[in-house]
Amino acid sequence: MEKKRGADIVVDCLLAEGVDTVFGLPGGAIMEVYDALFNAPLKNILTRQEIAASHMADGYARATGKVGVVLATSGPGATNLVTGLATAFMDSIPMVAITGQVPTSYIGTDAFQEADVTGITRPVTKHNFLVTDIKDLPMIMRQAFYIARTGRPGPVLVDIPKDITQQYSECYIPTDEEVKASLPGYNPHYEGNIVQIKKAAELIRQAKRPVLYVGGGVNLAGANKELLELAELTRIPVTTTNMGKGAFPETHPLALHMLGMHGTYYANMAVYNSDLLISVGSRFDDRVTGKIQEFAPEAKIIHIDIDPASISKNIVVDVPIVGDVKIVLKKLLKELQKKPVEWVKARESWLKQIEKWKEEHPLIYEKSDKVIKPQYVIEEIYNVTKGDAIISAGVGQHQMWAAMFYKYSYPRQFLNSGGLGTMGFGFPAAIGAKMGRPDKEVIAIEGDGSFIMNIQDIATAVQYRVPIKVAIINNEFLGMVRQWQQFFYDNRYSSVCLSVQPDFVKLAESFGAVGLRATKPSEVKEVLQKAMSINDRPVIMDFVVDREENVLPMVPAGKSYKEMILTPRQKGEADTMYLVG
Amino acid sequence: MVEEIKTVKIRKQPETKIRKHTIVVRVQHNFGVLARITGLFAGRGYNIESLTVGKTQDPDIARITIVVEGDERVIEQIIKQLRKLIETLKVRDITDIPHIERELVLIKVHTGDEKARDEIMRLTNIFRGKIVDVSTDTYTIEVTGDSDKLEAFIELLRPFGLKDIARTGTLALIRESAKSKLQKHQVE
């Protein structure tokens with residue numbers, strides 16, 4: 001067999017996995033791999049910061065369902081990936097990170113740009129490898145991709161010393177069977193236990209006040225059709241988590257929208273009063289449950305999840321079902337269809353009660369014709385994109401408004417850092433998403449604080465002519481922290497004012513992007529329409545919004561749903577609703 | 001209309017009691033695998049009472065015995081997290097399965113006068129220990145047994161003045177008789 005250079009083996013393995021795009025930034029220890037990439041038939045995207053590269057690979061993976069690939073050099077290059085890996089890990093996003101390492105003989109000597117990268121990334125990856133022999137390289141590369149995309153997906157890191165990328169060896173790329181056989185301890189369960197599924201079906205038949213509580217797992221498994229079928233067959237209302245957005249069409253009459261800390265009144269009340277909670281691909285995060293002892297106090301719980309460790313971690317459940325949510329939902333549907341479904345009639349009074357909550361406590365905000373309300377910007381983005389755009393968001397108030405006021409209708413439509421809550425995520429993730437889904441309009445909804453954390457990568461978007469749109473919800477504050485300080489720290493605004501900031505329009509222009517600004521409500525639509533007409537480079541829109549608008553409803557951290565804070569209008573106290581336009 | 005829950009209700013969670021568990025883990029004997037396991041315990045805030053590791057009859061497989069204290073839910077979570085590691089082949093909580101537990105301890109104790117020396121020798125014999133090193137004023141004693149026996153022995157020696165102690169941590173194997181019963185049970 002012909003001998004190949006280690007770096008070329010790496011690229012061969014990427015191509016064998018069907019990788020078409022990689023994101024990264026070169027440096028000494030990974031130069032050999034970049035040399036091999038020079039003529040390789042894949043898009044090699046040069047970013048300006050490794051963290052942005054990791055979020056781009058993540059955004060690409062979230063939008064396409066394929067494994068995102070990021071490259072970085074040893075030491076600081078690799079340590080810059082840590083936040084991106086942790087972000088992907090918390091949200092179960094399939095990613096492979098390839099990092100250069102100092103030559104084998106230098107490891108442990110505190111060499112230039114040396115860091116213990118497998119040690120540092122161990123708790124934030126699904127698995128990681130240090131390649132110590134070039135003969136292992138093809139198998140490790142294949143194992144990395146296999147582990148990243150199967151079971152509960154997640155990021156995997158492969159650390160390759162420079163001398164290994166320079167050595168020559170025979171390159172045999174192992175088959176799927178050989179990869180599986182090489183990982184005897186890794187056997188994800190997909191099928192779901194049929195006895196448990198039958199039990200779940202029986203509970204569903206008996207329930208009077210059931211609710212489906214849906215998480216990101218449904219998006220990851222592509223189980224949205226099965227979910228819709230289940231909800232419609234059983235007439236069970238559906239609430240989604242932030243990560244579950246898009247798994248169920250939000251315009252559907254059974255949609256309760258988001259639950260939890262910034263959930264709707266009717267979603268939270270439905271969960272609180274439910275007698276059966278069917279959790280599908282969600283993990284009872286504290287931002288969802290609030291005070292765990294008072295979460296759905298009367299409900300029996302069915303929990304469908306691919307990860308056994310997610311089950312009964314935060315809350316003890318009655319019927320655990322470990323498996324792929326798509327496969328399990330299919331089996332559950334089959335089970336429910338075995339008997340006539342007359343029992344759904346008993347659900348009508350429950351659905352009426354939910355309708356009443358929806359009417360009395362709708363998800364609305366105080367409108368204004370003097371100052372731009374952030375929620376209004378999101379609504380207009382929804383209108384101008386006809387609800388079809390992929391939205392990515394940073395972290396903070398704007399993220400929650402993006403979750404609340406854009407109505408999502410298909411899986412992988414809303415990309416945000418739900419678990420780790422990584423500021424700066426939205427913009428680079430949008431670049432990655434657009435590269436993976438050029439057919440879709442991709443809009444990053446960013447805060448001024450969040451956007452500036454990865455602002456350097458406007459250069460990347462300009463260089464590769466990625467026509468994404470960035471909508472900055474600019475309130476010159478770290479808005480979510482400010483809101484908490486207003487509510488819980490007696491208005492002491494400590495370290496949250498960001499009024500010293502660049503002129504985002506000029507900044508965009510200086511990078512070669514288009515910059516636009518709206519300061520009055522009447523300008524919002526115009527700015528958005530103008531942005532949509534530009535398709536050859538990124539557009540940065542600066543929406544100067546009401547500085548002290550709050551995200552409501554809100555269940556304060558660690559409190560019960562019963563302690564939800566609402567605006568007067570959400571409480572139903574205002575007699576008229578103000579309409580804009 | 002459905003009656004809304006007005007009063008604050010509390011979700012019933014099963015009661016559990018805290019006790020010591022012995023967990024046996026078989027792993028692929030790869031570079032860094034022990035760091036993954038200890039890192040998991042440290043990162044999730046579980047306290048390890050003892051941890052021992054060694055090769056098995058198959059040099060590619062290592063066996064790790066972990067003694068950890070916690071309630072049922074914590075232990076269940078620990079086992080699930082251990083199973084989640086890619087290199088883990090098998091995890092078993094053997095606390096309630098008949099098994100043999102052994103630990104070895106080396107104790108260096110001050111001997112003082114002849115009376116003390118006699119007494120220490122007597123105790124060592126009772127505990128079926130061996131004196132493995134002798135100096136003018138110390139004995140080094142080797143004892144094996146389960147943790148409770150070793151604790152008892154150490155407490156008896158404490159009044160003489162303990163100079164140093166080295167313990168291996170607990171090793172455990174399931175009794176073969178229990179194993180065949182378990183298998184039979186599984187078949188049924």
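Mentor: Let's start with a definition: two residues are in contact when they have heavy atoms within 4.5 Å of each other. By that rule, 43 residues from chain A and 28 residues from chain B take part in the contact. Please keep in mind that this is a predicted model, in which local features need pLDDT of at least 70, side-chain atom pairs count only at pLDDT 80 or more, and totals for chains, interfaces and linings use all residues. Residues are numbered from 1 along each chain as its sequence is written, chains are lettered from A and ligands numbered from 1 in the order in which they are written, and side-chain values use heavy atoms, with hydrogens and water left out.

Trainee: How do you know how much area is buried between chain A and chain B?

Mentor: The size of an interface is often given as the accessible area lost when the parts come together. Buried area is what two parts lose in this way, with a 1.4 Å probe and summed over both. For chain A and chain B that comes to about 2,900 Å², 54% of it from carbon and sulfur atoms. On the chain A side, Arg122(A), His127(A) and Val316(A) lose the most area to chain B, together 18% of what that side buries.

Trainee: What makes Asp307(A) and Lys84(B) a salt bridge?

Mentor: The rule asks for a side-chain nitrogen of Lys or Arg within 4 Å of a carboxyl oxygen of Asp or Glu. In this pair the closest N and O atoms are 2.7 Å apart, so by the cut-off of 4 Å the pair qualifies. Across the interface of chain A and chain B, the rule finds 1 salt bridge. There are also 10 residue pairs in polar contact, both at pLDDT 80 or more. A polar contact is a pair of N or O atoms within 3.5 Å; within protein, one must be able to donate a hydrogen and the other to accept it, and residues adjacent in sequence count only if both atoms are side-chain atoms.

Trainee: Which helix of chain A gives the most to the side that touches chain B?

Mentor: Helix 16 of chain A does, with 6 residues. Helices (H or I, at least four residues) and strands (E, at least two) are DSSP runs, numbered from the N terminus. By class, that side of chain A has 21 nonpolar, 10 polar and 12 charged residues. Nonpolar covers Ala, Val, Leu, Ile, Met, Phe, Trp, Tyr, Cys and Pro, charged covers Asp, Glu, Lys and Arg, and the others, Gly among them, are polar.

Trainee: What domains does the assignment give for chain A?

Mentor: Chain A has domain 1 (3-181), domain 2 (194-360) and domain 3 (374-551), with bounds that come from an automatic or database domain assignment. The C-alpha centres of domain 2 and domain 3 of chain A are 31 Å apart. Their contact takes 16 residues from domain 2 and 20 residues from domain 3. About 1,400 Å² is buried between domain 2 and domain 3 of chain A, with 57% from carbon and sulfur atoms. Asn242(A), Lys245(A) and His262(A) supply 37% of the area that domain 2 buries there, more than any other three residues. This pair of domains has 0 salt bridges and 4 residue pairs in polar contact.

Trainee: How many residues of domain 1 and of domain 2 of chain B are in contact?

Mentor: In chain B, where the assignment gives domain 1 (19-96) and domain 2 (100-172), 8 residues of domain 1 are in contact with 6 residues of domain 2. Together these domains of chain B bury about 490 Å², 51% of it on carbon and sulfur atoms. Thr22(B), Thr52(B) and Thr65(B) lose the most on the domain 1 side, together 57% of what that side buries. The count between domain 1 and domain 2 of chain B is 0 salt bridges.

Trainee: Why is Ile473(A) called buried?

Mentor: Buried means under 20% relative accessible area, exposed over 50% and partly exposed in between (1.4 Å probe, protein chains only). Ile473(A) has 3%, so the label is buried. This residue is found in strand 18 (residues 469-474) of chain A. Its contacts, not counting residues up to four places away in sequence, include Pro374(A), Trp401(A) and Phe543(A).

Trainee: And why does Ser54(A) count as buried?

Mentor: Its relative accessibility is 0%, so Ser54(A) counts as buried too. Ser54(A) is found in helix 3 (residues 50-64) of chain A. With residues up to four places away in sequence not counted, Ser54(A) touches Val70(A), Leu81(A), Gly84(A) and Met95(A).
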